[in-house]
Structure formats: structure tokens, C-alpha cells
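Please read these comments with the coordinates open. They cover the fold and its packing.

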Amino acid sequence: MCRRNRIGRLQHLRDLIGAVPGLRVVIVLAIVGFPFRLAHAQGSGAPHLEKHGAATQLVVDGKPFLILGAELLNSSPSSLDYMRPIWPRLASIPLNTVLTPLSWELIEPREGQFDFTLPDGLIRDARQNNLRLVFLWLASWKNGMSSYPPLWVKQDTHRFPRVVEKDGAPVEILSTLGKESMQADARAFAALMRRIREVDGDAHTVLMMQVENEVGVLGDSRDRSPAANQAFDGPVPKQLMSYLQQHRDALLPEFRQVWEAAGAKSSGTWQEVFGPGPQTDEIFMAWNYALYVQHVAAAGKAEYPLPMYVNTWLAGPQSSPGQFPSGGPLPEVMDVWKAAGNALDIFAPDIYAPNFAEWCDRYNRAGNPLFIPETHGGAAGQANVFYALGQRETIGFSPFGIDAFVDTDRPALTDPNGELGKSYEALRQIAPIILQYEGQGKMAGFLLDPDHPRTKLDLNGYRLEVSLDEIFGTQAQTGFGLVIATGPAEFLGAGSGFRISFRLKEGGPVHVGIGSVDEGTFSDNVWIPGRRLNGDENDQGKGWRFAPYRVRIEKVVLYRY
Ligand code: DGJ
């Protein structure tokens with residue numbers, strides 16, 4: 001083609017781009033590739049995250065989806081036969097989603113040779129039981145350690161270097177500085193995501209991916225291998241420094257304080273910028289884990305852009321980095337993880353600590369949606385799910401080790417009338433209403449116990465005084481629930497062991513009375529009223545009561561006098 005011709009065609013192309021609205025965008029996206037695939041995945045209804053008012057929702061097949069989930073024990077899904085009798089019991093709890101480990105060692109037993117028997121079979125069997133999946137990619141790290149990489153990775157410590165700790169000895173933790181480790185993990189994860197897109201790109205059984213599991217250095221506050229020492233003594237990378245400067249006002253206070261206490265410098269070594277001490281080791285490790293995991297996640301997203309998250313082993317009271325995995329996305333270093341990339345959509349807490357609500361609050365900040373991949377089930381989970389959902393509008397809730405009954409014969413875990421199941425059954429029924437009202441400031445959740453027997457909520461111009469229920473002078477030991485303002489003088493509630501009295505938020509001479517309280521159920525979104533609750537059941541008109549022992553759904557209508 002002669003030069004004139006070429007210029008002519010380029011000119012023609014430019015005119016065409018200018019003339020057709022949106023064509024410029026399409027061409028740019030096609031060149032960039034990955035975002036184009038993202039748009040394509042969303043257009044085709046692939047699971048993705050979407051803002052709904054102030055909330056972030058998981059959208060599946062065009063509709064918001066609430067994960068009422070549970071996580072399997074680590075080794076159960078390594079055998080399709082072992083899992084076969086478990087699936088129907090999980091479906092009867094009733095869960096809608098199972099968090100399912102999937103390990104690098106079983107997918108790529110020999111380098112470059114992939115075996116997708118497990119993901120294929122797990123997807124098929126979940127589907128047959130009407131369940132969705134979140135896969136946990138157990139690869140370079142799980143619980144800080146590196147026991148899940150294939151043997152060809154584990155035994156080649158030259159190509160895939162290890163963390164070295166204080167005593168100078170290498171440990172079974174892959175070093176984040178191992179470029180080949182990062183590339184090998186990313187290649188395997190990309191191959192897995194490609195396979196999931198091939199076998200599930202239409203059905204959307206798989207909703208999200210967890211990348212690695214509870215990463216961070218255990219046993220020391222940082223990696224002290226020669227490569228790590230060299231990086232630690234070098235300058236803080238520009239990418240991180242610019243992020244801090246550009247986002248200074250939005251940084252989480254736990255992190256901002258550390259940086260500002262050391263002088264809020266815009267360059268320098270890690271110790272110059274963040275000061276000496278284990279907190280700097282943790283920040284250094286967070287940066288290096290974040291670069292690695294963001295890279296793995298991005299490689300997977302380029303194949304199939306499902307929402308992706310990392311889970312966190314939380315710090316106990318008075319514990320220091322290394323006692324918990326140093327560098328995982330704890331609140332004090334979450335900004336560092338954000339600065340390293342944007343392939344990860346959620347930083348998620350594994351909440352086993354008793355201060356459940358506090359951890360929910362700490363993770364649901366600065367635009368981070370709450371998702372709880374691991375926590376307690378049983379009576380604790382039965383209550384906590386109401387706070388996570390009602391107060392923090394979580395994308396999902398998932399107690400760990402739901403199939404423990406197989407080993408320990410604890411049938412309550414699978415009994416639909418078991419503790420968690422009671423809450424999930426009520427929440428399953430009202431999920432469409434919860435999702436409709438999320439992000440609008442019309443919903444609240446609470447947890448009560450004898451040390452915290454009451455709380456106040458302001459919804460729709462009313463002040464709700466919520467307290468532990470009392471039956472014939474005996475206080476309930478636990479109260480939990482959520483309430484939604486569904487109309488100007490109407491609330492929907494679910495939970496157990498509490499009562500609510502109403503007044504106008506602004507006070508004044510007007511009283512608020514209870515017009516009616518009905519218990520009921522929803523069947524396919526249609527309200528089926530049961531008893532009209534009056535007399536003892538609404539404290540002679542003084543309170544909206546949710547008696548203990550059962551998890552109930554009730555509607556109240558108010559009037560003014
Ligand atoms: C947290 C881990 O992420 C899980 O895989 C599991 O090991 C549990 N701890 C066990 O309590």
C-alpha cells in the first residue's frame with residue numbers, strides 16, 4: 001500500500017470513529033482487551049459487582065444475589081466421591097452457595113499439564129443440587145504457609161525461593177520476591193479461569209473467586225531473604241508513594257497515623273517513610289504480597305473476570321506481625337493493597353473473634369464491600385448474620401467447616417431446623433426485600449446480649465428502641481435481628497429474642513401506637529400472614545416482639561395519636 005493510500009485510509013478511519021458515537025470507545029477497549037472482556041462478561045450476565053445506592057451488590061444473571069453460604073473443610077472437595085453424599089445435605093440447610101477449596105497441586109500436578117476433573121465435577125455436582133460456588137484458589141499460600149503448591153514447585157527452592165526468617169533458616173513459605181513463583185501461580189490461575197469460563201460462562205454456577213488464603217509471613221514480621229533485605233533497604237516504590245499522596249485524605253486512619261507519625265515523607269527507604277519497628281515490616285510485606293496476589297488475580301480476570309477477593313487472618317488483641325500472618329490485608333495495611341493494583345474487588349475478614357460487629361465495621365469502610373468468607377456457624381452464626389446483613393449490607397456470609405458433621409456426626413449442622421438453618425431459612429424468604437432496600441438507609445441490624453441489652457435505631461423518621469425480650473420477667477440471653485422500613489408507617493423485621501418500642505425521632509407530643517403485628521412467611525415473594533400477634537405477644541400494644549427460640553418474620557403497622 002502506498003503511503004498516500006495509507007494516510008487516506010487512516011483519515012477515513014478517524015472520520016468514521018468521529019462519526020459513529022461510541023466507536024472510539026469500542027476500538028480502544030478492543031485494543032486494551034481485558035476491560036473489553038469485562039464489559040462482555042457483564043453484558044452476558046456474568047456475576048459482577050454493582051453499586052445499589054450506598055451498597056455494593058453481587059449481580060448474577062441480571063439480578064442482585066445474596067450469598068447465604070458456608071465453607072467446606074479444606075480437604076473435602078479434593079474428592080468428588082467424598083463430596084457426593086454431602087451436597088444434598090448442604091442444600092437442605094438451606095444454603096445457596098458453597099465456598100469450595102480448589103488447590104494448585106491437584107490442578108497442575110506436572111508443570112504445564114492441567115487436570116480440570118475437580119472443578120468440572122464440582123461445578124456439575126453443585127449445579128445438580130441447585131447450589132452456587134465460590135472457589136478458593138489455594139495456591140502459593142494458605143494460612144501463611146505454602147503447603148498447597150505442587151511438588152515440582154515445593155522441591156525447586158532455587159527457582160521458587162522461600163522466606164528466610166530471623167534465624168537465617170528458610171521456611172515452607174514461598175517468598176513474594178520469587179518472580180517465577182508469581183508467574184507460575186498466575187499461569188495456573190489463568191488456566192483455571194479459562195476453564196471455568198468454558199464450562200460455566202453461561203450457567204454462572206461459580207459466582208466469585210478467592211485468590212490464595214490468609215496470606216502473610218508467619219513466625220517473623222518479614223521475609224529476611226537476601227532479595228527481601230535488598231528491597232527493604234531500598235526506596236519505597238514510586239507507585240506506593242504517589243498513591244499515598246493522591247489519597248491522603250481517604251487513607252484509613254490506622255495507616256495514615258503511621259505514615260504521618262514518621263513525617264508523611266514523599267520518598268525514602270521503608271524505615272525512613274514509615275519509621276522503625278514491626279509495623280514497617282508489616283507494611284513492606286503487605287506491599288509485596290499485594291503486588292503478587294494482584295498479579296495472579298489480574299491474570300485470572302483477563303480470562304474470566306469474576307469478582308475476586310482475598311481473605312484475612314485477623315490480628316488478635318496484643319499480637320504483633322508474625323504472630324498473625326504479616327502482610328495480609330488487615331485494616332492497617334489495606335491501603336497498601338489498594339495501591340498495588342485493582343484486580344481485587346474485596347478485602348474480606350475471617351471473623352472468629354468475639355467482637356464480630358467491630359470487625360464488620362472495620363472492614364466495611366472506604367468503599368470496601370463486606371464479605372465474610374469464614375466465621376463461626378451454630379448459635380453465633382445464627383445471630384451474627386443479622387448484623388452483617390442488616391447493618392453492613394454484606395454481600396454474603398459463610399461459616400467455616402459446614403461439612404464437619406461427616407467426621408464428627410453433628411447432625412444439627414445439616415438439619416434445616418438447626419441454628420444457622422433457622423436464620424438462613426428466614427433470610428432466604430426475605431432476601432429479595434433486603435436486596436431491594438439495601439443502600440437506601442432504610443435497614444438496620446443488631447446483636448443484643450445481657451452486657452449489651454439495648455440499642456437505638458433511627459429509621460424513616462422513627463426512633464426505634466430495641467431491647468432484649470423478656471418472657472414473664474425472664475430476660476432472653478440473646479437477641480438478634482434486622483428491620484426494614486418498608487413504608488411510611490410500616491416495618492418488616494426478622495430475628496429472635498428482642499422487642500422494639502417506637503416514637504417519633506423528633507419527639508413532640510405525638511405518640512406512636514402499634515396498629516397491628518402479623519407473623520408470616522414469604523413464598524416466592526408473596527406474603528402469607530400467620531397469627532395476628534396481640535396481647536402478651538405484643539406486650540399489650542407496647543412493643544413489637546420477637547420471642548426467643550424461633551427465628552421469625554413479622555410485619556408491624558404503626559399509627560399516631
Ligand atoms: C482459617 C483458614 O482460612 C481455613 O482454611 C481453616 O484452616 C480454618 N482457619 C480452620 O479453623
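1. Basis. This is a predicted model, where local features need pLDDT of at least 70, side-chain atom pairs count only at pLDDT 80 or more, and totals for chains, interfaces and linings use all residues. Residues are numbered from 1 along each chain as its sequence is written, and side-chain values use heavy atoms, with hydrogens and water left out.

2. Whole chain. The chain has 561 residues, and 53% count as buried (under 20% relative accessible area, 1.4 Å probe, protein chains only). Among contacts (heavy atoms within 4.5 Å) with a separation of 6 or more, 73% link residues 24 or more positions apart.

3. Secondary structure. There are 19 helices and 25 strands. These are DSSP runs: helices are H or I with at least four residues, strands E with at least two.

4. Sheet. Eight strands form an open sheet with parallel pairing, in the order β12-β11-β10-β9-β6-β5-β4-β13. Pairing requires at least two DSSP bridges.

5. Helix α7. Residues 117-128 form α7, which packs on the sheet and touches β5 (97-103), β6 (132-142) and β9 (206-213). Its direction makes about 155 degrees with that of β6. Axes are lines fitted to C-alpha atoms, for helices over the stretch in contact; angles run from 0 to 180 degrees between N-to-C directions.

6. Helix α19. Residues 419-437 lie across β4 (67-71) and β13, at about 155 degrees to β4.

7. Parallel strands β10 (308-313) and β11 (346-351) are joined by five bridges. Thr312 stands opposite Pro349 in β11.

Conventions:
Buried < 20%, exposed > 50% of the residue type's maximum accessible area, 1.4 Å probe, protein only.
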